Structure formats: structure tokens, C-alpha cells
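I opened my notebook beside the viewer. I plan to go place by place and write down what I look up.

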Amino acid sequence: MQLKTVSIILLGLMLVSPYSVGAQIIGHQATAYKATKITSGDIKIDGDSSDWSDIPAADLELESYKKLPGEYKIDVKIAYDGTTVYFLVEIPDEYFFTAGNPEMSPALAMATPINASEGAHMGAPSEDNLDKSEGFVDIMHWETGLGEHGVVAGDNGTATGKGIGGLDDEFASTPFDRHDDVGENGWTGVWDHTTTTYTNGDAGKYIFEYSRSMNAAEDTDASYKDGGESEIFFAYWNPQETGDGWTANGHYTNEGALVVGFGFEPSVPNLWLIQGSVLAVIVILIGVGGYVFWKKKKAA
Ligand SMILES: [Ca+2]
Ligand SMILES: [Ca+2]
Ligand SMILES: [Ca+2]
């Protein structure tokens with residue numbers, strides 16, 4: 001190897017960290033999760049999570065796209081009975097709710113690709129290309145302030161435009177191109193909080209329990225198939241982000257997909273292993289570079 005070549009490699013390696021090399025190869029670390037097949041009727045959509053006690057949870061960390069401080073460690077459970085898919089999302093956060101005011105109450109969204117390669121950026125390929133689209137994502141969007149705790153929200157398959165209780169069926173091709181579904185709102189949900197007094201500032205966690213048909217009802221919905229795989233992203237808006245509530249892009253989200261296998265454990269690439277391998281290659285190259293440099297210097 002020529003000295004010049006080795007110097008170029010070393011300069012390149014000094015400029016690129018192993019983390020960014022790994023992240024460029026496969027993106028953020030995904031989380032694998034096996035959705036549990038249940039018998040119809042096992043899960044009741046009522047905001048009470050006790051019927052989920054036998055179903056394992058995926059632990060996800062939601063971070064702020066706007067780089068706001070802190071993160072949310074949430075638990076997600078998914079079950080299906082062949083015709084209906086059920087979701088339970090539990091988010092530790094203070095109870096904070098103002099009836100009729102979406103921004104002063106929590107909001108949750110979930111994106112599943114319809115024909116985009118992933119749902120992380122609502123159809124856009126990356127944070128740097130948010131106005132480009134690579135396809136459509138299906139969206140569940142729940143503004144709790146438009147409803148109340150313990151009360152059924154969504155439209156259970158009817159078409160009403162804006163969802164009852166703020167639980168809406170939508171789609172997007174980019175973050176700037178998001179629409180309500182026109183054909184039907186497939187979502188049914190009940191949210192609650194572990195507080196017993198429902199006083200703003202109470203500690204505890206939010207419970208979001210919701211379901212939908214596994215089949216797409218229209219082109220703007222994703223399908224969830226028994227034996228199939230789906231990549232899912234969640235977003236949470238904290239009503240205490242500002243004195244006036246949350247801002248549109250103040251949401252916290254999982255940067256790596258939740259990869260869901262319906263009835264099986266899906267395999268996901270291990271980013272840490274790839275980063276470790278990249279680091280090992282860098283150490284070897286630096287060693288080779290140092291040896292060549294030493295040989296050249298000795299020969300000069
Ligand atoms: Ca329940
Ligand atoms: Ca729909
Ligand atoms: Ca939809």
C-alpha cells in the first residue's frame with residue numbers, strides 16, 4: 001500500500017466516527033417484537049390494561065425530533081385474532097388534560113408504511129429530505145383533548161372525517177402532506193391514566209388501548225397480516241412542552257422502527273454488532289497504516 005493511500009484512508013477515518021458509519025449503513029437500531037395471536041374477545045377496548053397481563057411488551061425509547069430534553073420510555077403490546085389487531089401503549093407521564101384543547105392535552109400517533117420503505121418520516125426518506133416522498137404511510141392520530149378518558153373514541157369503520165373523541169384515521173406522503181381518510185375511520189380506542197383523582201400534575205402513566213381491522217379498508221390504510229411483518233413508529237406530544245401546550249413538531253418518537261412479526265419473532269440487523277465490526281476494521285487499518293508509515297520512514 002502506498003503511503004499516500006494510507007494517509008487518505010487515515011484522514012477519512014478521522015473525519016467519520018464508527019457510529020456515523022454504522023448508522024449510514026443501516027440507520028437506527030430497530031426493535032424486534034412478536035405480536036401475540038389471541039382468541040377474539042380476549043382484549044376489550046376499555047382503557048383497562050389488565051386483559052394484557054399475559055402479553056409481552058416491547059420497550060421503546062421516544063426522543064424529541066426537535067432535540068427537546070429528556071425521553072419517554074414506553075411499553076407497547078400488540079395482539080391480533082385474525083380479523084382485528086389490538087394495540088396497548090403505556091407512557092409514563094404526569095396527568096395533564098384540558099377538555100376541548102388538543103395542545104393542552106396529550107396526543108399520540110402511530111405510522112405504518114403502506115408503500116413507503118419505512119414510516120419514520122411520514123413517507124419522506126430522511127430528516128434531511130422531509131419534503132420528498134417515497135410513498136404513503138397510514139396514520140393513527142389521537143388528540144385526547146377532543147374526547148375524554150374512559151370513553152370510546154374513533155369511528156369503528158364509519159366515515160366521518162374528523163374522528164370522534166379526536167381519534168382519527170389519516171395518511172401522509174410527507175410530514176407536510178397529511179390528510180384525513182375519506183372512506184372510513186377504522187380505529188376504535190379508549191385512553192386513560194393511572195391517576196385516581198384526575199388532577200393536573202398527578203404522577204402515573206397514560207394508557208392508550210385501540211384496535212382496527214387487520215385488513216386495509218381503503219388505499220390509504222396499511223394491512224396487518226397473520227404471518228406478515230410491519231414496521232411501526234410512534235409519536236407522543238407532551239402538553240407541558242410549552243406554557244401553551246405542545247407544538248406540531250415537538251413530538252417524541254422512536255428513531256428505530258418497531259419491527260412487528262405477526263405470530264413470529266422477526267429478525268432485525270444488529271447496529272451495535274455492525275458498529276463493533278466497523279470499529280475493528282478501523283483499528284486494523286490504523287495499525288496497518290502505522291506499520292507502513294514506520295517502514296517508509298525507516299527506509300527513507
Ligand atoms: Ca382492556
Ligand atoms: Ca381508513
Ligand atoms: Ca388511514
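**Entry: Gly186**

I started at Gly186, which lies in the loop between strand 9 and strand 10. The model is predicted, so I keep that in mind throughout. Is Gly186 buried or exposed? I found 26 C-beta neighbours inside 10 Å, so Gly186 counts as buried. The cut-off for buried is 20 or more.

Next I listed what Gly186 touches. Leaving aside neighbours within four places in sequence, its contacts are Gly157, Asp169, Arg212, Ser213, Ala217 and Asp221. I also checked Ala159, which is 27 residues from Gly186 along the chain. The C-alpha atoms of Gly186 and Ala159 are separated by 8.6 Å.

**Entry: strand 10**

I moved on to strand 10, residues 188–193. How many residues of strand 10 are buried? I noted six of the six, so strand 10 is largely enclosed by the rest of the structure. I then looked at its two faces. Thr188, Val190 and Asp192 are on one side, and Gly189, Trp191 and His193 are on the other.

I looked for partners of strand 10. Strand 7, residues 153–154, runs antiparallel to strand 10 and is joined to it by two bridges. There, Ala153 has Gly189 as its bridge partner. Strand 11 also pairs with strand 10 in the antiparallel sense, over six bridges. His193 has Tyr206 in strand 11 as its bridge partner. Asp192 stands opposite Ile207 in strand 11.

**Entry: strand 11 and strand 4**

I followed strand 11, residues 205–213. Seven of its nine residues are buried, so strand 11 is largely enclosed by the rest of the structure. Which strand pairs with strand 11 over nine bridges? I found strand 4, residues 84–92, in the antiparallel sense. In this pairing, the bridge partner of Tyr86 is Ser211.

Thr84 is in strand 4 too. I counted 19 other C-beta atoms within 10 Å, so Thr84 is partly exposed. Buried would need 20 or more. Away from its neighbours within four places in sequence, Thr84 is in contact with Ser211, Ser213 and Met214. I checked the distance to Ser213. The two residues are 129 apart in sequence, yet Thr84 and Ser213 are 4.4 Å apart in space, C-alpha to C-alpha.

**Entry: a hairpin**

I turned to strand 8, residues 167–174, and strand 9, residues 177–180. They pair in the antiparallel sense over four bridges. A hairpin of two residues joins strand 8 to strand 9. Thr174 has Asp177 in strand 9 as its bridge partner.

I noted a general rule before looking at angles. Most residues other than glycine have a negative phi.

I found Lys67 in the loop between strand 2 (58–64) and strand 3 (71–80). Lys67 has 6 other C-beta atoms within 10 Å, so it is exposed.

Met122 is not a glycine either, and its phi is positive at about 55°. I located Met122 in the loop between strand 5 (107–113) and strand 6 (137–143). Is Met122 buried or exposed? With 25 C-beta neighbours inside 10 Å, Met122 counts as buried.

**Entry: the nonpolar core**

I looked up the largest nonpolar core, which has 61 residues. Which members touch the most other members? I wrote down Ile78, Val89, Ala109, Val137 and Tyr236. I took Ala109 for a second look. Not counting residues up to four places away in sequence, Ala109 touches Ile139, Met140, His141, Trp142 and Ala235.

**Entry: the whole chain**

I finished with totals. The protein has three helices and 14 strands. Of its 300 residues, 38% are buried. Among contacts between residues at least 6 apart in sequence, 67% join residues at least 24 apart.

I checked confidence last. The mean pLDDT is 88, and 89% of the residues reach 70 or more. Over residues 5–25, though, the pLDDT is below 50. That stretch has 23 contacts in the model beyond near neighbours in sequence. Where pLDDT is low, the predicted coordinates should not be read in detail.

Conventions. Residues numbered from 1 in each chain as written. Chains lettered and ligands numbered in written order. Predicted model: local features only at pLDDT ≥ 70, side-chain atom pairs only at ≥ 80, totals over all residues. Core = buried A, V, L, I, M, F, W, Y, C linked by C-beta atoms within 7 Å. Buried ≥ 20, exposed ≤ 12 C-beta atoms within 10 Å, placed from the backbone. Contact = placed C-beta atoms within 7 Å. Pairing = 2+ DSSP bridges. pLDDT = per-residue confidence, 0-100.
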